[in-house]
Amino acid sequence: MGARVGVDVGGTNTDLVLESERGVFVHKVQSTPEDQSVGVLKGLVELCEMAGVTREDIDLVVHGTTVATNITIEHTGAEVGMLTTRNFRDILHIARHKRPHNFSLHFDVPWQSRPLVKRRNRIPVTERILPPDGRIGTPLDENDVLEAVRIFKKRGIRSVVIGFLFSFINDEHEQRARAIVEREMPDAYVCCSSDVANMLREYERFSTAAMNAFIGPKTSLYLTNLRDQLARQGYRANLRLIQSNGGVSTVETCSQRAVNILMSGPAGGVIGGRAEGLLAGAENVITVDIGGTSADISTVPGGRIKIMNPRDSYVSGHPILVPMIDLVTIGAGGGSIAYIDSAGGFHVGPRSAGADPGPACYGKGGDEPTVTDAQVALGRLDADKMLGGDLPIDPDLASRAVEREVGKKLGLSVKDAALGIIRVINSNMALAIRSNSVARGVDPREFSLVPFGGAGPLHGVALAEAVSARDVLVPVAPGITAAMGLLETDMQYEHVRSFITSLTNVEEAAVERLNALVEELVGLCRQDLENDGVPPERQTFQRIAECRYHGQGVELRAEIPEGRLAAGDVGRIIESFYAQHRLDYGYAFDDTEVELITVRVIGTDKIEPLRLQRLERANGASYESTLLYSRATTFDDGTTADTPRYDRGRLKAGHRVAGPAVLVQHDSTVLVPPAYAAEVSDYGSLHVRRS
């Protein structure tokens, strides 16, 4: 068996994991925001040397990237031209006539203040498809399309999106217009709304397609450049990307549908956190991925990753109709900057020092205090142990930055100012955890909190206390957990069609139409998997009906039974919808009419999970042999104690380390406060509980 690699690019560090016949190897390098591929390739070279494998030995590279997300945050996408149905050019501006904040006089409307397509570049075209059967009401005027192309060329536009009314019923006009644009503008990036989000709701469909055209050119350039560089440097591995829904797909697919990787970065972490929980016997977990720039939080009940409700799927203020893992992202990480505003308010984040210049303690020119600087000032991070000593830090620079920017301005000592920074950031993260758990009807007392990312295990116990989580489960390699999740991820393809019909009062013709539609979508998924070399015996298909109560505005997912449906089988879809409604809202109306809105099929190739090695059992042996040294450390309650440092890599299964203690490893540091103890599981994860 050849080797496979997971590469997760974060705002501060790029994390890598390699699995080969010799075992699992992990590595971390600094990210290169100006060109993420530089850090990826550097990390691959170093990881291959560590693992003793050649470049030719690697069969697969699975990549989680923030390149698409960063384009939306920084609003540095392409200048986009749009072809749309005449008299409907302002759908992207009008949206849903909703105010983001009903009672505020000062708010931003992103789709108007930062439009994905400027109004002058939205060109109307004469055409009309009519509901409900998709018949042609007005033929496509190809001269209008040619005139729009002439305008696009004159303005130097290189990315074009085509969005016509009711194309989700009949996409003939969109596809014909696309063919004309591609013929006249062969070097342009062109996409259709029916290819990107083939479902009803014209504003959301147009917004999704416009976002695809906005981020597509740069995303495609990055992905193809990385693939080509891998090949030039002697790697024969297939490059795959993790998508927002937690599945893996090809460079070609993700280049054409760049919106599918908008949440690529956080997705691997949720999957990795779930895998760690299942390995340790915890099905209910709350994953908290705290990196250098942000914290990504997701609730995983019963070992099942939740997909976000379409009504909640927004990126940079724009609705995006693609499946995304249900998570919350906030600007809270090791690089989050602490500052006092002009009114004297104390803030931590969302602004981050990132990888360059980074926290003040890095000594790279950063002079603003960050969360990492606060941890260093409190004695929780040691100068000679950051990244195993690979990253030298200066505690004096950290203390001076905290004192200058926070302590003096608030009249606090360095210790109290640093504790304040930690408490503020923990409070921000606790609120985000509650929004993804308690606010969704989930009781955190029944869940284990899984903190990871380089900074996660420093905050784990404090966050668990704040939200009343059952316990804390620290993964075996916290700083690399998201990259490890990439190698736990299945290959997935999705196809979707809108089909509106009553399920409660279903007719035989509708059942036959549903069967035909499911067969068509299964066939498309099967073709995608076969094109990617997946043999039939490894192909599985999930059939999903997106349903709602009659009169509702949004849908929930229900399972469609396998095989050809009879009229009597429709009741099973309705029962599945009721069950999902109870799970999400705590109740269901069992006597109310249910409508089918959309049919979705997910084709999957199951990937073999990582083969982590069991640790040697302690069998009563003391863990004191793993002691490195002791240093003064300040904990969240303000007490300072001489705290031992232990080498986590030398701990054995069954060891129980009593706090106060700090467990040191290359990719992260685990803080065990007084009155807590960390017990090592069979595979190396830590259960941290009150002693």
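User: Is Phe 577 buried or exposed?

Analyst: Phe 577 is buried, at a relative accessible area of 0%. Here buried means under 20% relative accessible area, exposed means over 50%, and partly exposed is in between, with a 1.4 Å probe and protein chains only. Before we go on: this is a predicted model, where local features need pLDDT of at least 70, side-chain atom pairs count only at pLDDT 80 or more, and totals for chains, interfaces and linings use all residues. Residues are numbered from 1 along each chain as its sequence is written, and side-chain values use heavy atoms, with hydrogens and water left out.

User: Good to know. What kind of pair do the rings of Phe 577 and Tyr 578 form?

Analyst: A tilted one, because their planes are at 50°, with the centres 6.2 Å apart. Rings of Phe, Tyr and Trp (its six-membered ring) pair if their centres lie within 6.5 Å; planes under 30 degrees apart are stacked, over 60 edge-to-face, and the rest tilted. Tyr 578 is buried as well, with a relative accessible area of 5%.

User: How many aromatic pairs are there in the whole structure?

Analyst: A search finds eight. One of them is Tyr 549 with Phe 589, an edge-to-face pair at 5.7 Å centre to centre and 65° between the planes. Those two are 40 residues apart: Tyr 549 is in strand β23 (residues 539–549), and Phe 589 is in the loop between α17 (570–585) and β25 (594–605). Helices (H or I, at least four residues) and strands (E, at least two) are DSSP runs, numbered from the N terminus.

User: And which of those counts as buried, which as partly exposed?

Analyst: Tyr 549 counts as buried at 3% relative accessibility, while Phe 589 is partly exposed at 43%.

User: Which residues do the ring pairs link into a cluster?

Analyst: Tyr 549, Phe 577, Tyr 578, Tyr 585, Tyr 587 and Phe 589.

User: Switching topic: which residues touch the most other members in the largest nonpolar core?

Analyst: That core has 116 residues, and the ones touching the most other members are Leu 18, Ile 58, Ile 215, Cys 547, Ile 573 and Val 599. A nonpolar core is a set of buried Ala, Val, Leu, Ile, Met, Phe, Trp, Tyr and Cys residues joined through side-chain atoms within 4.5 Å. Helix α8 (residues 202–232) gives the largest share of this core, twelve residues.

User: Nice. What is the strand order in the open sheet of four strands?

Analyst: The order is β6-β5-β9-β10, with parallel pairing; strands pair if DSSP finds at least two bridges between them. The edge strands, each pairing on one side only, are β6 (122–125) and β10 (189–192).

User: How many bridges join β9 to β10?

Analyst: Four, with β9 covering residues 159–163. Ile 162 has Cys 192 as its bridge partner in β10.

User: Which helix packs on the sheet?

Analyst: Helix α6 (residues 172–184), touching β5 (80–85), β9 and β10; its direction makes about 175° with that of β10. Axes are lines fitted to C-alpha atoms, for helices over the stretch in contact, and angles run from 0 to 180 degrees between N-to-C directions.

Note on methods: Contact means heavy atoms within 4.5 Å.
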